[in-house]
Amino acid sequence: MTDLVTIARQLAYHGPARDGWAYSAACRDMPKDLFFGQRGNPYHEARAACAGCPVRLDCLAETADYAESDDAGFRAGLSYKNRARVRALVREFTPRKVAS
């Protein structure tokens, strides 16, 4: 798996999720409970789907807009805790606007 710093850099460059990205998602026809299962679920099938997904960064970008309380389950190949770490890293990599 790609390290979280690399994912955060990719996401900072990628920007917001593109419209209609979910139609190309590897998981689009998979049962949602594979991604939002019980606590302790190893998410093996979800992890495999995300690994080769062509819109993984779009999926992750969409979760960046979620309130932390709404960001559950396994998405973009990452657990909730890892997505929170990536969001924190993205803030470090995103250039800040300078006030004029």
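Accessible areas here come from the Shrake-Rupley method with a 1.4 Å probe, and for residues only the protein chains shown count as cover. On that basis, the protein exposes about 6,800 Å², with carbon and sulfur atoms supplying 53% of it. Do keep in mind that this is a predicted model, where local features need pLDDT of at least 70, side-chain atom pairs count only at pLDDT 80 or more, and totals for chains, interfaces and linings use all residues. Residues are numbered from 1 along each chain as its sequence is written, and side-chain values use heavy atoms, leaving out hydrogens and water.

**Overall fold**
- The protein has 4 helices and 0 strands (DSSP runs numbered from the N terminus: H or I of at least four residues for helices, E of at least two for strands).
- Of its 100 residues, 32% count as buried, meaning under 20% relative accessible area with a 1.4 Å probe, protein chains only.

**Nonpolar cores**
- A nonpolar core is a set of buried Ala, Val, Leu, Ile, Met, Phe, Trp, Tyr and Cys residues joined through side-chain atoms within 4.5 Å.
- The largest one has 16 residues, and Leu4, Ile7, Leu11, Leu60, Leu78 and Val86 have the most contacts inside it.
- Two or more residues each come from α1 (4-14), α3 (56-63) and α4 (80-93), and α1 gives the largest share, 4 residues.
- A second, separate core of 7 residues includes Leu34, Ala49, Cys50 and Phe74.

**Where α1 meets α3**
- In α1, Ile7, Gln10, Leu11 and His14 meet Arg56, Leu57, Asp58, Leu60 and Ala61 of α3 (contact means heavy atoms within 4.5 Å).

Terms used
Buried means under 20% relative accessible area, exposed over 50%, partly exposed in between (1.4 Å probe, protein chains only).
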